[in-house]
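Good morning, and thank you for coming. Please have the sequence and the model in view while I speak.

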Amino acid sequence: MAVIITEAPAPARRPVRDRHHRGVSRWVVLTLVTLGALVMLVPFAFMLLNAFKSPGDYSSSGPLSWPTEFYTKGLRTYWTEVNFPLKLWNSALIAGSVAVLGVAVSLLNAYALGIGRVRGRLWIVGLFLLANMLPQEALIYPLYYVAKEIGLYNTQLSVIIIFTVIQSAFGTYLLASVMGTFPRSLLEAAALDGAGKWTVLWRVVFPNLRPTLAVLLIFFFIWTWNEFLIPLVMLIDNQTQTIPVALASLQGDRLMDAPTTNAGALISLVPAILFFLIFQRTLARGITAGAEK
Amino acid sequence: MAVSETVVATQPAATPTPPASRRRPRGRNAAYWLYLLPGAVLFILVIGAPLVGTLYLSLTKWSGIGDPRWVGLDNYQQLLHDDVFWASFRNTIAMIVAMVVVPTLLGLLLAAVLFDVIGRRFKPRTAAALRAAFYLPQVLPVVVAGIVWGWILRPDGAFNSLLDAVGLGALRHDWLGDPGTALPVVMAVMIWVQIGYPVVVFMAALQRVDPELYEAAEVDGANWLHRFRAITLPQIRPETFVVALTCTIAALKVFGPIFALTRGGPENATNVPSYFAYYTFFKKLQVGYGSAISTVLTVIIIVVAGVFIWMQARSERRDRGF
């Protein structure tokens, strides 16, 4: 997620003659890139413009007009019809559980692979990496069938278990390579003090890796939040669906006139934009920490 | 997706073992297997077994009820003669253009311009704000973004109104409903979705490059384009590989945007293998055939990933040779 440049890359060092050379062209470049960035934002502008418009206003004045009144009924209709708070809770429950469990499983796996250096670890890490690349269609039918057989179909738990494994496949790959560079002296010192493997993991490895784990936690959360295929297949009713699935299953529904669609999309995007704003600094730190290795 | 790859890009993958570990007796390490146990069990249940299951089902005919009937390679033979199957893979190539080729090239240019021109000749904050604008679509649930785009591109949607407003009303069109325009329009939306990822990764990569290289080149009179080609491109090649690989895998797997925008239509003009498989599984209830499509897609992804990793290893070896 966007890396924030916190320090200016020393603009003071610029040679003086450069200013003459680029006086005009830099403004041209800035204008072009800004135009590009505005084009990126146009869909959001359309969405905002129409999310608070009444259906009558929309059908008479079209999608580009300024709303004649601040109309919130579309938003309220969507909110109550789909029981948005419940969808929010489902998404948060699934993404939150997957983030925590996925990091825990990744940590245990990576401890055995990166620090324990068990035999065949390169193959095992490769297998995890490969698993992360698999198309979900290659897993979905057997998962769907078995979930039905054992009564996990249409439960949040089924999605939590599946994504814990899929995300931890990536987490294992990442953490195993980070732990491969873990200072051996720290481990040996702890072993000399008589610490067992479990104690070393909790008292030495875990505290040292906390920043990386935090980044991984946030990634897992956001990825799981945005997932679509598996929740679409596994979660079929109002009680269990996540935010994206709820919006997608109402596509083309009588309820969803253009303003309501936009209002629904708007509130569905708000949480993701909030995570982006809240977490971008943490993520930037994690990425920079990785780069310094 | 995006972010983790950023991390990968900056992490040295699978580090070599220091010789010290070899001296230790095996018994000590064996205890670590215990830590791998929960992960391994979950992995086998959720990934290993279903994958084998799909492979087996691809050799059967099954509607999901009763017992699968063994048919050998029939499904695969049928695939070879299935126009929809071939169309879906042709469309995958279009997705690779829209999600890999264009975003990577455009991303290199944008990242270099943002970092080198805007970041240094204007305030770094300006560069960060512009980068955030390009990156925003990457943090959103892609299906939700797809639904907004689907509305914008409808016959009575915002895009046609915009054409009217600027006097190009003659171009009004059912953009997603016409087999002739649906694919190019979906490609344009995918570029919009994808572009932020390479921009962010490449900008992070550029911070790693020694500024003195650029200064030395500038003193020698190299212009911006020279520096871009001689310094920027070679310096961030590892990240370029990672971006190209992860975007290619994402393009091969693309599902959500197609589901939200066109459901593969009209007339399969935008169908892709993963949507084709989903539709075959859950709408046509041809589980064996859907499994065959998924298996072919899986094999292609593994081969593509293998080729990428092999190419990267080769180019690294060549670099060390110099």
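Residues are numbered from 1 along each chain as its sequence is written, while chains are lettered from A and ligands numbered from 1 in the order in which they are written.

How far may chain A be trusted? Its mean pLDDT, the predictor's confidence in each residue on a scale from 0 to 100, is 84, and 88% of the residues of chain A reach 70 or more. Over residues 1–20 of chain A the pLDDT is below 50, and this stretch has 33 contacts in the model beyond near neighbours in sequence. Two residues are in contact here if their C-beta atoms, placed from the backbone, lie within 7 Å. Residues 286–293 of chain A also stay under 50, with 20 contacts beyond four places in sequence. Where pLDDT is low, the predicted coordinates should not be read in detail.

Let us turn to the fold of chain A. It contains 13 helices and zero strands; these are DSSP runs numbered from the N terminus, with helices being H or I of at least four residues and strands E of at least two. Of the 293 residues of chain A, 46% count as buried. A residue is buried if 20 or more other C-beta atoms, placed from the backbone, lie within 10 Å of its own, exposed if 12 or fewer, and partly exposed in between. Among contacts in chain A between residues at least 6 apart in sequence, 81% join residues at least 24 apart.

The unreviewed UniProt entry places "domain: ABC transmembrane type-1" on residues 88–279 of chain A. UniProt positions are given in the numbering used here, feature names are shortened, and annotations may be inferred rather than shown by experiment. In the model that span is 80% helix and 0% strand, and its end C-alpha atoms lie 19 Å apart. Residues 122–144 of chain A are 87% helix, with end C-alpha atoms 31 Å apart, whereas residues 263–279 of chain A are 100% helix, with end C-alpha atoms 25 Å apart.

One residue deserves a remark. Arg203(A) sits in helix α10 (residues 197–226) of chain A. Why does Arg203(A) count as partly exposed? Because it has 13 C-beta neighbours inside 10 Å.

Chain B has 17 helices and two strands, and buried residues make up 47% of its 322 residues. Helix α4 (residues 33–57) of chain B has a kink of about 40 degrees centred on Ile44(B), the bend being the angle between axes fitted to the seven residues ending at a residue and the seven starting there. Among the buried residues of α4(B) are Phe43(B), Val46(B) and Pro50(B). In helix α14 (residues 237–253) of chain B, 13 of the 17 residues are buried.

Finally, the interface. 91 residues of chain A are in contact with 97 residues of chain B. Helix α13 (residues 258–291) of chain A gives the most to the chain A side, with 13 residues.

How values were computed: Predicted model: local features only at pLDDT ≥ 70, side-chain atom pairs only at ≥ 80, totals over all residues.
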